[in-house]
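Please look over the sequence and the model below before reading on.

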Amino acid sequence: MGVKRPWNIVNVPVYSLATYDRGQVNMNICTYVTAVSMKPKLFMVAIDYSTKTYENLKNGSQSVLQVLHQDHKQLINSLGKKSGKSFNKLEFLQKKNLIDDWNENNVLKGACGYLELKKMGHKNIDGDHELFWFKVTKSSTKSEKEILMFQDLIEEGIIL
């Protein structure tokens, strides 16, 4: 592999943002995620305009940011490359026994951490993603080991 572009040399955690539409959960894969404030604890997440996640966030505010574990590598294509508009991700995950309950939300079983988010605002930034910012209302760290990282996806040939 040649030299990576500057935005691909970072090594950030891989997340899944669980969003909800009338109680039905949808999960995506996201790496454009960052904490932007400590008090209050605020996160920004960039969301692709063409996704079910985007629709859910425009229509509601409930979401859970999930820090993925190495064991979730096999879910990247299904959660990140298939659209929740045409692929029932909840059904897919239930068949694999990968749905858990955290703070009365359907979440991905085995995640390293969960952050319940309250949507505070969003802005079109003239790119292919819209920027959403959230206040963390609850959080839980389950494990600090074996967090799935961006470079793991590159090394496995899943992305890039």
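In this predicted model, Lys95 forms a salt bridge with Glu91, and their closest N and O atoms are 3.8 Å apart; a salt bridge here is a side-chain nitrogen of Lys or Arg within 4 Å of a carboxyl oxygen of Asp or Glu. Because the model is predicted, local features need pLDDT of at least 70 and side-chain atom pairs count only at pLDDT 80 or more, while totals for chains, interfaces and linings use all residues. Residues are numbered from 1 along each chain as its sequence is written, and side-chain values use heavy atoms, with hydrogens and water left out.

**Salt bridges**

- Lys95 and Glu91 both lie in helix H3, four residues apart, which is about one turn of the helix; helices (H or I, at least four residues) and strands (E, at least two) are DSSP runs, numbered from the N terminus.
- Lys95 is exposed, with a relative accessible area of 68%, whereas Glu91 is partly exposed at 43%; buried means under 20% relative accessible area, exposed over 50%, and partly exposed in between, with a 1.4 Å probe and protein chains only.
- By the rule given above, the count comes to six salt bridges.
- Another of these joins Glu55 to Lys85, with the closest N and O atoms 3.3 Å apart.
- This pair links distant parts of the chain, since Glu55 is in helix H1 and Lys85 is in the loop between H2 and helix H3 (89–95), 30 residues apart.
- Glu55 counts as partly exposed at 32% relative accessibility, and Lys85 is also partly exposed, with a relative accessible area of 46%.
- Lys73 forms a salt bridge with Glu156, and here the closest N and O atoms are 3.5 Å apart.
- Lys73 lies in the loop between strand E5 (62–67) and H2, and Glu156 in the segment after H4, so the pair ties together parts that are 83 residues apart in sequence.
- Glu156 is partly exposed, with a relative accessible area of 49%.
- Asp21, Arg22 and Lys52 are linked in a network of salt bridges.

**Cysteines**

- A disulfide is a covalent bond between the sulfur atoms of two cysteines.
- The structure holds zero disulfides, where a disulfide is counted as a pair of cysteine sulfur atoms within 2.5 Å.
- Cys30 counts as buried at 5% relative accessibility, and Cys112 counts as buried at 2%.

**Strand pairing**

- E5 and E8 pair in the antiparallel sense over six bridges; two strands pair if DSSP finds at least two bridges between them.
- Val67 stands opposite Gly113 in E8.
- E8 and E9 pair in the antiparallel sense as well, over eleven bridges, and the bridge partner of Lys119 is Phe134 in E9.
- E8 and E9 form a hairpin with four residues between them, and Asp126 in the turn has a positive phi of about 60°.

**Pockets**

- On a 1 Å grid over the protein atoms alone, a pocket is an open set of points where a 1.4 Å probe fits, with protein on both sides within 12 Å along at least five of seven lines, and lining residues have an atom within 4 Å of a point.
- About 720 Å³ of space lies in the largest pocket; grid points are joined across faces, edges and corners, and a volume is the space filled by probe spheres set on the points.
- Of the 29 residues that line the largest pocket, the closest to its centre are Ile29, Cys30, Thr31, Tyr32 and His129.
- Strand E4 (42–48), helix H1 (52–59), helix H2 (76–80) and helix H4 (150–155) are the elements that give two or more residues to the lining of the largest pocket.
- The lining of the largest pocket divides into 14 nonpolar, ten polar and five charged residues; Ala, Val, Leu, Ile, Met, Phe, Trp, Tyr, Cys and Pro count as nonpolar, Asp, Glu, Lys and Arg as charged, and the others, Gly among them, as polar.
- The second largest pocket has a volume of about 200 Å³.
- Fifteen residues line the second largest pocket, and the closest to its centre are Val67, Gly113, Leu115, Ser140 and Thr141.
- Strand E8 (113–124) and strand E9 (129–141) are the elements that give two or more residues to the lining of the second largest pocket, and the largest share, four residues, comes from E9.
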